[in-house]
Each structure stands twice: as C-alpha cells, then as structure tokens.
Amino acid sequence: MREFTTEEIRQSYELLKAKTEKSGYLLNPDEEFTLGIVESLLTNNERYGYPLCPCRLSSGSREADLDIICPCDYRDLDLAEYGRCYCALYVSKDATPEQLNGSIPERRPKNPAQESKAVTMPMWRCPVCGYLCARQNPPEVCPICGASGDRFERFNSVIKLE
Ligand code: SF4
C-alpha cells in the first residue's frame with residue numbers, strides 16, 4: 001500500500017475544502033484532524049478503489065458499501081441532528097465544541113442490504129434557482145445558488161412520468 005506525501009494530502013484537502021464550501025457545506029475547522037481524515041480517504045481509495053468512510057469497516061464489495069462511500073448517505077441527517085457527520089469530517093455551521101469533540105451514534109443499519117430502500121422523504125425546493133432535493137430537512141445552503149436553507153419550501157407537486 002503506497003503512502004501519501006504531505007503535499008499530496010494537502011492538495012486533496014484544499015480541493016475537497018473548495019468543493020465543499022462551494023456546495024454550502026463545511027469541513028471540520030481543526031485542520032490537523034481534517035488532514036488525517038483526508039489521508040484515510042486517500043488510503044481507502046487506494047485500497048478499495050473508492051473513498052470508503054474512514055470510520056467504518058468495508059464489506060469488501062463496492063455494491064454493499066455504496067451507502068458509506070464518502071460523503072455517505074447519513075451525512076446530512078447527522079449534520080442536522082448532531083452538527084457533524086459520523087467521522088466529524090463535515091460539520092454544521094452551528095456545531096458546538098461539545099458536538100465536534102464528542103461521539104455520535106451510528107445511524108447506519110446493522111444490515112443495510114436487508115433494510116428497505118423505499119423510504120418516503122419530503123421534497124424541498126430552492127425558491128431562487130429551483131434546485132430540488134428529497135431529504136428530511138432542507139440543506140443549510142443551496143448547493144447551486146447559495147440561498148440559505150431557511151428559504152427552502154416544501155414541494156408538493158406530483159411529477160407524472162408517462
Ligand atoms: S461519516 Fe463523514 S467522513 Fe464518513 S463517509 Fe460520512 S461524510 Fe464521509
């Protein structure tokens with residue numbers, strides 16, 4: 001397994017930070033900690049062929065790990081409820097030091113493959129650019145135009161496919 005240089009890790013960190021901020025999310029401001037997570041993501045990408053969540057174990061199959069490829073399916077729910085993702089790579093702008101430094105419960109089901117994927121999620125619409133997303137709560141910031149999440153509205157239209 002190859003080791004990544006400090007420069008490579010820093011470069012990936014800067015790219016991820018720019019991409020994250022552009023889409024309205026935030027990385028953990030503890031740079032040393034975040035660089036460590038970025039290094040683990042690079043290592044996992046090298047080992048498995050995809051950036052598996054550094055805080056979880058791989059099943060050995062990409063298909064079974066789809067929900068824990070970073071950013072995982074559980075990030076936004078954890079950001080809304082706990083102010084951070086499971087690994088604390090992503091944080092909410094309102095996260096308290098206690099939230100960032102403590103631990104949070106694992107949201108991933110024990111047998112994700114056996115859990116029904118058919119869940120009903122509310123739809124949210126950005127009133128500025130029309131961006132639509134299906135999730136429990138609107139995002140903090142629209143990833144397309146940057147409008148704040150409190151401007152999102154519930155979208156109740158039915159889309160008919162023929
Ligand atoms: S918990 Fe955080 S670091 Fe881990 S996959 Fe989810 S978003 Fe990425």
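Trainee: Which residues does Gly146 touch, not counting residues up to four places away in sequence?

Mentor: Gly146 touches Gly24 and Val141. Two residues are in contact if their C-beta atoms, placed from the backbone, lie within 7 Å. By the way, this is a predicted model, where local features need pLDDT of at least 70, side-chain atom pairs count only at pLDDT 80 or more, and totals for chains, interfaces and linings use all residues. Numbering starts from 1 along each chain as its sequence is written.

Trainee: Why does Gly146 count as partly exposed?

Mentor: Count the C-beta atoms, placed from the backbone, within 10 Å of its own: 20 or more others make a residue buried, 12 or fewer exposed, and anything in between partly exposed. Gly146 has 13 such neighbours, so it counts as partly exposed.

Trainee: Where is the place of Gly146?

Mentor: Gly146 is in the loop between β4 (132-134) and β5 (153-154). Strands (E, at least two residues) and helices (H or I, at least four) are DSSP runs, numbered from the N terminus. The C-alpha atoms of Gly146 and Val128 are separated by 9.1 Å, with the two residues 18 apart along the chain.

Trainee: What makes α1 roughly perpendicular to α2?

Mentor: The axes of helix α1 (residues 6-22) and helix α2 (residues 31-48) cross at roughly 100° and come within 9 Å. That puts α1 roughly perpendicular to α2. Axes are lines fitted to C-alpha atoms, for helices over the stretch in contact, with angles from 0 to 180 degrees between N-to-C directions. Under 35 degrees is roughly parallel, over 145 roughly antiparallel, 65 to 115 roughly perpendicular, and the rest oblique.

Trainee: Which residues in α1 and α2 meet?

Mentor: From α1 you have Ile9, Ser12, Tyr13 and Leu16, and they meet Thr34, Leu35, Val38, Glu39 and Leu42 in α2.

Trainee: How many helices and strands does the chain come to?

Mentor: Five helices and five strands, running α-β-α-α-α-β-α-β-β-β from the N terminus on.

Trainee: Why is the chain called as compact as a globular protein of that length?

Mentor: The globule rule is 2.2 Å times the number of residues to the power 0.38, and the radius of gyration is taken over C-alpha atoms. For 162 residues the rule gives 15 Å and the chain has 17 Å, which is close, so the description holds.

Trainee: What does the domain assignment of the chain give?

Mentor: Domain 1 (6-114) and domain 2 (120-162), with bounds from an automatic or database domain assignment. Their centres, taken over C-alpha atoms, are 23 Å apart. The contact takes seven residues from domain 1 and nine from domain 2.
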